[in-house]
Amino acid sequence: MAMIEARLAALGLELPELAPPPGGRITMRGARRYGNLFYLSGNGRMLAGKPAYQGKLGLEITIEQGYEAAKLTCLNLLAVMRAELGDLDRVASFIKTIGFINSAPGFSQQPLVLNGFSDLILDLYGEERGLHARSAVGMAELPWNIPVEIETIVAIVE
């Protein structure tokens, strides 16, 4: 078993099955490679074609639930990477992550929510490969009223 997938298993985590986005027609890719950079499209955790969580942080969703939504979204992004790259161990480094947080007026704890993504990446890849630049941005709305959407860029090895 590959090292990263073994770490996932040790944490009691599994990568989800990938499903097409709601709405049918697909007009974008989940990931795009350019040289040794791998760009992953914005992703939110879906279960059986429906959002795992719905609502705004600071209104219907707590920081703890948002953290979990970001962690689950991380698993989705890893599933996309595995499907495209074949092996999660090909990641040389996480470069940049942007977390879009569906925020109620006055909610300003977006970085605490995005820690759900960052903490899992650090647990899996360690600081040398996992520590990344990032932005946690509050949004008025997100598709399907999901609480978190995350995109990331990674460097890969051949």
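Reader: Which residues form one aromatic cluster?
Author: This is a predicted model: local features need pLDDT of at least 70, side-chain atom pairs count only at pLDDT 80 or more, and totals for chains, interfaces and linings use all residues. Residues are numbered from 1 along each chain as its sequence is written, and side-chain values use heavy atoms, leaving out hydrogens and water. Rings of Phe, Tyr and Trp (its six-membered ring) pair if their centres lie within 6.5 Å, and the structure holds two aromatic pairs. One cluster is made of F94, F117 and Y125.

Reader: What kind of aromatic pair do F94 and F117 form?
Author: Planes under 30 degrees apart count as stacked, over 60 as edge-to-face and the rest as tilted. The rings of F94 and F117 are 6.4 Å apart, centre to centre, with 75° between the planes. The pair is therefore edge-to-face.

Reader: How many residues apart are F94 and F117?
Author: Helices (H or I, at least four residues) and strands (E, at least two) are DSSP runs numbered from the N terminus. F94 is in strand β5 (residues 91-102) and F117 in helix α3 (residues 110-130). The pair links distant parts of the chain, and its members are apart by 23 residues.

Reader: Are F94 and F117 buried or exposed?
Author: Buried means under 20% relative accessible area, exposed over 50%, and partly exposed in between (1.4 Å probe, protein chains only). By this rule, both F94 and F117 are buried.

Reader: Where is the kink in α3 centred?
Author: The bend at a residue is the angle between axes fitted to the seven residues ending there and the seven starting there. In α3 the kink is about 90°. It is centred on L124.

Reader: Which backbone oxygen lies 3.0 Å from a polar atom of the side chain of T152?
Author: T152 belongs to strand β7 and is buried, with a relative accessible area of 2%. The backbone oxygen at 3.0 Å is that of K96.

Technical notes
A polar contact is a pair of N or O atoms within 3.5 Å; within protein, one must be able to donate a hydrogen and the other to accept it, and residues adjacent in sequence count only if both atoms are side-chain atoms.
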